[in-house]
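Subject: Handover of a structure and a summary of its contents

Dear colleague,

Please find the structure below, together with its sequence. I would ask you to keep it open while you read the notes that follow.

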Amino acid sequence: MANLQNNRRGRRKILRTVLIYFATIIAVIFFIFPIYWLIATSLKTRAQAFSTPPLFVWEPTVRNFIDIFLKRQTEIEAITGQELELATGAETFFYNSFIVTFSSIAIATVIGVLAAYSFSRYQPHGTNTLMFFILSTRMLPAIVVAIPIYFFYRSLGLYNTHIGLVLLYTMFNLPFAVWMMKSFFDEVPRDIEQAALVDGSNPIKVFYKIALPQVLVGLGATIGFLIINVWNEFLFALLLTERATRTVPVMIAGTRGEVGINWGLIAAIETLYILPALVLIFVLQRFLLRGMTFGTVRGAK
Amino acid sequence: MTEVRLEKVSKYFGETKAVDNVDLQVNDGEFMVLLGPSGCGKTTTLRLIAGLEKPTSGLILFNGEVVNELEPKDRRIAMVFQDYALYPHMKVFDNLALNLQVRGVPRDEIRKRVSETAELLGIKHLLDRKPGQLSGGEQQRVALGRAIIREPSVFLMDEPLSNLDAALRARMRGELKKLQERLKTTTIYVTHDQVEAMVMADRIAVMRNGKVQQIGSPQEIYNRPANKFVAEFVGSPKMNVFDATVVSREHTKLTTGEFDINIPSSMAQRIVESGSGPEVMVGIRPENVAVSTAYQEGFLEATVYLVEDIGNLSFVTLQVGDILIVAQAPPSVGLRVGDKAYFSLLVEKLHIFDKKTEKLIV
């Protein structure tokens, strides 16, 4: 009797496990498939990309990846008659994206971490008001300020410059950096820093020797989120750049082939573009997860 | 070689007076315990001495020099925190060495001193571990090591033993005291545990609501508590205190309403001199209440309300009308709840407090 029951229970357990795995696999396919399709398309010729039914088996080509960097082509713009260079020399755009992302995040992180630490530890007069003010800058949809910023940048000479984009992204990212880092600092017991103060360290040493090492996980998470924000930004990059400073998302949107849209080429650029993000997310996934679930369990290490 | 003096020091947090006009003198090499219930201002007082808080008013002096504006790092103090506040990302070695490192002590010297300190505290085998891998007692030792390695002029300790289990706490209590005697460093120690205070202190300052109630040696505090609060706070079980009225013309007879107490004329004299009026409070410690199963000359009758036997001693709570009196008895007394018992108060050990001011009269 008991044996039979055990058997039944065991079978039910196996069934449960199978179902869970099945559901997980479906979910993973659901999220992975677009990325797979993107990479697959990047390895197809134009004809293969458009074939019906879609091709699942084909002879892959790396032509698109070579074209991104090497092919020079021009097209006469229909309305303005301007000569445009298309879908080529992508290295410039990758370089732009990289420079802008790196610089703006470096600045936002440094300023953000220092500000967050001051707010958390020294609580200057009006901390709450200031923190709210900082947050409120994120409450408007970015597009609301797009036109003013465009004119503003035009007249200041920041239009079509790296520094212009860097400043803008820094501004957009700072609130996020300050808020996120402040909550990480808030979680670190103050006693430890006070112990260091009594122990003979000055406040600056306390900051970088005691406080900062304790929020490294939070710092990783913050930087991760900032990178995702900037790397994918499209709207302002479109508005405020021309060819010399254009970032990859804008370039992708502007890429066309000789006849119609060359999806293979676009997919190749996109594949290259998401690669750093994928690697980064993989490396930082522990931190990012921590950032997302942060504060849900008090005192969890 | 440091003496610490507080002169009329107050610290307000908004409307709250955390520390209220405190005068305190801690002599060189003395072990001073700040004792009081939570929220009495003892930790704030300690933090004021450490420089982690700035006083609202008053002066803090080290060796006669005002240090109000001196940063914590320049006060040559070492502090042990209640939760130890070890640096979680550093190994024990670096936890101990940080102060020496920031002061630019040469490496060999640092290694030597860390080694000596670790030896002294028996934590030499832990130097390569991080605080998270240590037990509570080990963390406590590291915290202590971090304090003593720098040879500070004053030790400040904020309930350093309260996170340890009872057995370890009792052991560390003794070790800490011995260590202090050996180093002869002025020590200010905060605790709410009156046993800790009694055992370790050279002198105790009892605090309540931000004010110092009494400063004195453990014996003074125990035998001549300045007021009802100190009397009840120090000693376990706490002192019996009940209301009484002076009735006789010679002032030698008090009545509680349930029973009378005859006091010597010298005591009566003091009550008269104090000008307290006939309403007083009488306090007596459990060990000064004799209890017996049989009637003896001068004993009063009571009912046993509660018996707490702790092995070597037994605490018997007696009920007389509305009054409960705890008496200390040998476990062999053999009383049970509901029994009739007889008790007598050791009159020369009575404490009499003014009912209005709660101050000790005699």
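I begin with helix α8 of chain A, which is largely enclosed by the rest of the structure because 7 of its 9 residues are buried. A residue is called buried if 20 or more other C-beta atoms lie within 10 Å of its own, exposed if 12 or fewer do, and partly exposed in between, with C-beta atoms placed from the backbone. The buried residues of α8(A) are A:I192, A:E193, A:Q194, A:A195, A:A196, A:L197 and A:V198. Their cover includes α9 of chain A and, from chain B, α1 (42-50), β6 (77-80) and α2. After α8(A) comes A:G200, with a positive phi near 105°. Helices (H or I, at least four residues) and strands (E, at least two) are DSSP runs, numbered from the N terminus.

Before going further, please note that this is a predicted model, in which local features need pLDDT of at least 70 and side-chain atom pairs count only at pLDDT 80 or more, while totals for chains, interfaces and linings use all residues. Residues are numbered from 1 along each chain as its sequence is written, and chains are lettered from A and ligands numbered from 1 in the order in which they are written.

The contact between the chains

How many residues of each chain take part in the contact between chain A and chain B? There are 16 from chain A and 18 from chain B, where two residues are in contact if their C-beta atoms, placed from the backbone, lie within 7 Å. On the chain A side, α8 (190-198) and α9 (203-214) each supply at least two residues. The largest share of that side, 7 residues, belongs to α8(A). By class, the side of chain A that touches chain B has 8 nonpolar, 5 polar and 3 charged residues. Here Ala, Val, Leu, Ile, Met, Phe, Trp, Tyr, Cys and Pro count as nonpolar, Asp, Glu, Lys and Arg as charged, and the others, Gly among them, as polar.

Chain A as a whole

Chain A has 13 helices and 2 strands. Of its 301 residues, 31% are buried. Among the contacts in chain A with a separation of 6 or more, 73% join residues 24 or more positions apart.

Helix α6 (residues 146-156) of chain A is hardly covered, with 1 buried residue among its 11. A:G157 follows α6(A) and has a positive phi, near 75°.

Chain A is divided into domain 1 (2-42) and domain 2 (89-293); domain bounds come from an automatic or database domain assignment. The C-alpha centres of these two domains of chain A are 37 Å apart. In the contact between them, 4 residues of domain 1 of chain A meet 6 residues of domain 2 of chain A. The domain 1 side of this contact in chain A has 2 nonpolar, 2 polar and no charged residues.

Chain B is assigned domain 1 (4-232) and domain 2 (237-354), and 39 Å separate their centres, taken over C-alpha atoms. In chain B, 5 residues of domain 1 are in contact with 7 residues of domain 2.

Two packed helices are described by the angle between their axes and the distance between the axes. The axes of α2 (residues 92-102) and α3 of chain B come within 10 Å and cross at roughly 130°; axes are lines fitted to C-alpha atoms, for helices over the stretch in contact, and angles run from 0 to 180 degrees between N-to-C directions. That angle makes α2(B) oblique to α3(B). Angles under 35 degrees count as roughly parallel, over 145 as roughly antiparallel, 65 to 115 as roughly perpendicular and the rest as oblique. The contact is made by B:F93, B:L96, B:A97, B:L100 and B:Q101 of α2(B) with B:I110, B:R113, B:V114 and B:T117 of α3(B).

Helix α3 (residues 107-121) of chain B also packs against helix α4 (residues 136-148) of chain B, at an angle of about 135° and with the axes 10 Å apart. Here too the helices are oblique, α3(B) to α4(B). The residues in contact are B:T117, B:A118 and B:L121 of α3(B) and B:R141, B:L144, B:G145 and B:I148 of α4(B).

With kind regards
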